[in-house]
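Work through the exercises below with the sequence and the structure at hand. Each task is followed by its solution.

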Amino acid sequence: MSNENQTIHEFDLNIIYDYFGNTERQGPGSPEITLKALSFIDGLNAKSKIADIGCGTGGQTMVLAQNTASEIIGVDLFPEFIKQFNQNIQKQNLQDRVKGVVGNMEDLPFQEEELDLIWSEGAIYNIGFERGLSEWRKYLKKGGYIAVTENTWFSEERPDEIQDFWQEAYPEIDTISNKVAQMEKAGYLPMATFVVPEACWTYYYEVQHPQMQESLLEKEKYKSNKSAEDFIAYQRYEAELYHKYKEYYGYVFYIGKRIK
Ligand code: SAM
């Protein structure tokens with residue numbers, strides 16, 4: 001099987017959308033965890049502006065919208081995710097203060113010091129944790145917050161199989177203490193870090209993924225399609241690795257405050 005040598009970045013974007021577009025969230029997380037992270041952010045009000053970077057179809061954005069009075073802009077590279085995002089917002093009647101825009105996290109459509117809060121669940125890896133923290137800081141007001149989840153090692157040592165997989169898929173994966181040091185170096189005061197519970201990953205891999213796999217293969221265009229099969233094999237391999245090595249890594253929420 002080629003899946004062990006292929007990374008997600010090499011798959012056809014249509015497959016990625018057809019797979020992930022079918023679900024409420026595109027990464028491990030939950031409303032409770034979004035709310036927990038939000039509890040560390042002070043001072044949001046109706047005049048505040050929040051950006052949710054790599055928002056996907058907006059599962060976590062909806063939680064932010066329902067628990068703040070602020071204006072929220074979701075940004076995602078995939079137009080199909082943003083279309084779905086805006087339909088979800090309409091259904092909740094939140095379109096007066098929440099909108100999704102197509103954009104690239106490498107060149108965000110914001111002014112310097114425009115934002116009170118930058119949110120990004122399961123997405124900063126696309127630009128890289130250090131680069132994202134450092135390049136996005138200018139969009140925050142002084143005293144503004146950033147809250148992101150990032151794949152993180154839970155210990156200094158781990159078995160070769162999982163080390164090699166993540167070294168290939170995301171070489172920036174690192175320990176909590178190193179990530180916190182990167183946050184400080186990028187000009188933030190670390191306000192909180194906490195581990196995203198295993199239950200979020202279990203739900204993601206054991207409930208969401210089998211449903212997404214079934215609905216992908218129901219589509220006529222993916223029947224007996226080698227790329228779709230390879231993509232699913234890659235997803236299953238990643239899930240198996242998580243199951244086997246979950247004590248060594250997972251998402252961590254990092255919450256920081258712009259101090260300079
Ligand atoms: N935040 C959502 C969640 O937790 O459900 C989605 C997380 S998903 C794992 C990562 C998201 O980042 C996808 O929606 C993807 O389209 C988006 N993305 C990838 N590269 C991007 C880029 N350069 N700029 C903006 N969004 C990007």
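**Exercise 1.** Determine how helix α5 packs against helix α7.

Solution. Helix α5 covers residues 129-136 and helix α7 covers residues 176-185; their axes lie 9 Å apart at an angle of about 25°. Axes are lines fitted to C-alpha atoms, for helices over the stretch in contact, and angles run from 0 to 180 degrees between N-to-C directions. Helices (H or I, at least four residues) and strands (E, at least two) are DSSP runs, numbered from the N terminus. The angle therefore makes α5 roughly parallel to α7. Angles under 35 degrees count as roughly parallel, over 145 as roughly antiparallel, 65 to 115 as roughly perpendicular and the rest as oblique. From α5, the contact takes F129, E130 and L133, and from α7 it takes K179, Q182 and M183; two residues are in contact if their C-beta atoms, placed from the backbone, lie within 7 Å. These contact residues of α5 and α7 comprise three nonpolar, one polar and two charged. Here Ala, Val, Leu, Ile, Met, Phe, Trp, Tyr, Cys and Pro count as nonpolar, Asp, Glu, Lys and Arg as charged, and the others, Gly among them, as polar.

The model is predicted: local features need pLDDT of at least 70, side-chain atom pairs count only at pLDDT 80 or more, and totals for chains, interfaces and linings use all residues. Residues are numbered from 1 along each chain as its sequence is written.

**Exercise 2.** Which residues of α8 meet which residues of α9?

Solution. Start with the axes: those of α8 (residues 198-218) and α9 (residues 226-245) come within 11 Å and cross at roughly 165°. α8 and α9 are therefore roughly antiparallel. On the α8 side are W201, Y205, H209, Q213, L216 and L217; they meet A228, I232, Q235, A239 and Y242 of α9. The class count for this contact of α8 with α9 is eight nonpolar, three polar and no charged.

**Exercise 3.** Describe the packing of α2 on α3.

Solution. Helix α2 (residues 31-38) packs on α3 at an angle of about 50°, the axes being 9 Å apart. α2 and α3 are therefore oblique to each other. P31, T34, L35 and L38 of α2 meet Q60, V63, L64 and N67 of α3. By class, this contact of α2 with α3 has five nonpolar, three polar and no charged residues.

**Exercise 4.** How many residues surround the ligand, and which are the closest?

Solution. The ligand is surrounded by 21 residues, the closest being R25, G27, G54, G56 and N126; a residue counts if its C-beta atom, placed from the backbone, lies within 6 Å of the molecule. Both α3 (59-67) and β2 (71-76) supply at least two residues of this shell around the ligand. The shell around the ligand divides into seven nonpolar, ten polar and four charged residues.
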